[in-house]
Amino acid sequence: NNTRQNMADVSRYITQGLEVQKSLPACIEQLNQGLALFRHEGVNDARAAFASVPPGESNAELNSLEAAVAHALDASCRTLGNLELFVRLQVPKCEDGNNFGVEVQEAVLKQIVEQRKALATHITTLHEFHEKRADKGQKFLKEVSTTKTDTQGGEKPGVSTVVSEKETSSVVADYRDFIVSFDVVTYSRFRQIMTDARDAMIVVADVLHKNKDKVGNPRAGGGGHSMY
């Protein structure tokens, strides 16, 4: 019973892998749509747009792009993970001879794993721009001090409060320029990550298409030929 269940599970995941392969063109198109969200053609356009973000406020456009990139990375990694499992389940039992197809499988698998790991690395670093931007953004905050005086007795007993404000230092312009430049760099980085995700899916779709016979049936036919 356990053996039959295991075989049923393997068959289910192989079927799932085949369906994922069919969905790759749609996945690539979704990533192209994600790239279309980057409306600034170059860094100068981005700099001009980000210069209007009020000091001390978050960059709403970058926040939106971060969410889009995070979604694209998550979806791409899950897709590549399914394809990785699909190829692994196609590997035949070890035998002497006629292993060229198995070598092709290994090469295809290596490509998928490398692409998935590269994209997964970006997922763990996306949030860092908030911390770095907030650190510099604190320089825009006014220094406020509050003094309370408690008066006992007399004609007007009570608590009086004196609030004094101190404007930011003379280097605030440099901090503002830094924030704008940081936003521009982050914008370019997010766009490159989205491009990397799109390109990874294209590469994997291509290598699977070119080697679909060997991936699905590595010992059929025999002989040797180039993977590409």
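**Ground rules**

I am working on a predicted model, where local features need pLDDT of at least 70, side-chain atom pairs count only at pLDDT 80 or more, and totals for chains, interfaces and linings use all residues. Residues are numbered from 1 along each chain as its sequence is written, and side-chain values use heavy atoms, with hydrogens and water left out.

**Entry: the overall layout**

I found eight helices and two strands in the chain. I took both as DSSP runs numbered from the N terminus, with helices being H or I of at least four residues and strands being E of at least two. Along the sequence I read the pattern α-α-α-α-α-α-β-β-α-α.

Of the 228 residues in the chain, 31% are buried. I noted about 14000 Å² of accessible surface for the chain, with 52% of it belonging to carbon and sulfur atoms. These areas come from the Shrake-Rupley method with a 1.4 Å probe, and for residues only the protein chains shown count as cover.

Next I checked contacts, meaning heavy atoms within 4.5 Å. Among contacts with a separation of 6 or more, 80% are between residues 24 or more positions apart.

**Entry: aromatic rings**

I let rings of Phe, Tyr and Trp (its six-membered ring) pair if their centres lie within 6.5 Å; planes under 30 degrees apart count as stacked, over 60 as edge-to-face and the rest as tilted. By this rule I get four aromatic pairs. One of them is Phe38 with Tyr187, edge-to-face at 5.4 Å centre to centre and 65° between the planes. Phe38 sits in the loop between helix H2 (24-35) and helix H3 (43-50), while Tyr187 is in helix H7 (residues 172-210), so I logged a link between distant parts of the chain, 149 residues apart. Phe38 and Tyr187 are both buried.

Back to Phe190: its ring centre is 5.5 Å from that of Phe129 and the planes are at 90°, so I filed this pair as edge-to-face too. Phe129 belongs to helix H6 (residues 128-137) and Phe190 to helix H7, so the pair ties together parts 61 residues apart in sequence. Phe129 is buried as well, at 4% relative accessibility.

I also noted a cluster: ring pairs link Phe38, Phe50 and Tyr187.

**Entry: one face of H6**

Which residues of H6 are buried? I listed Phe129, Arg133 and Gly137. Seen down the axis of H6, they fall within an arc of 65°, so they line one face of the helix. That arc is taken from the directions from the helix axis to the C-beta atoms. A handy reminder: an α-helix has 3.6 residues a turn, so residues three or four places apart point the same way.

Ala46 is in helix H3, and at 0% relative accessibility Ala46 counts as buried. Leaving out residues up to four places away in sequence, Ala46 touches His40, Val184 and Tyr187. I also have Ala46 and Asp183 at 8.4 Å, C-alpha to C-alpha, though they are 137 residues apart in sequence.

From helix H7 I picked Val180, buried with a relative accessible area of 9%. With neighbours within four places set aside, Val180 contacts Arg47, Phe50 and Ala51. Val180 and Ala48 are 132 residues apart in sequence and 8.9 Å apart in space, C-alpha to C-alpha.

**Entry: Ser76 and the cysteines**

Ser76 lies in helix H4 (residues 60-90) and is buried at 4% relative accessibility. I found Ser76 touching Leu31, Leu119, Ala197 and Met201, not counting residues up to four places away in sequence.

How many disulfides does the structure hold? I count zero, taking a disulfide as a pair of cysteine sulfur atoms within 2.5 Å. Cys27 is buried at 18% relative accessibility, and Cys77 is buried with a relative accessible area of 14%.

Notes. Buried means under 20% relative accessible area, exposed over 50%, partly exposed in between (1.4 Å probe, protein chains only).
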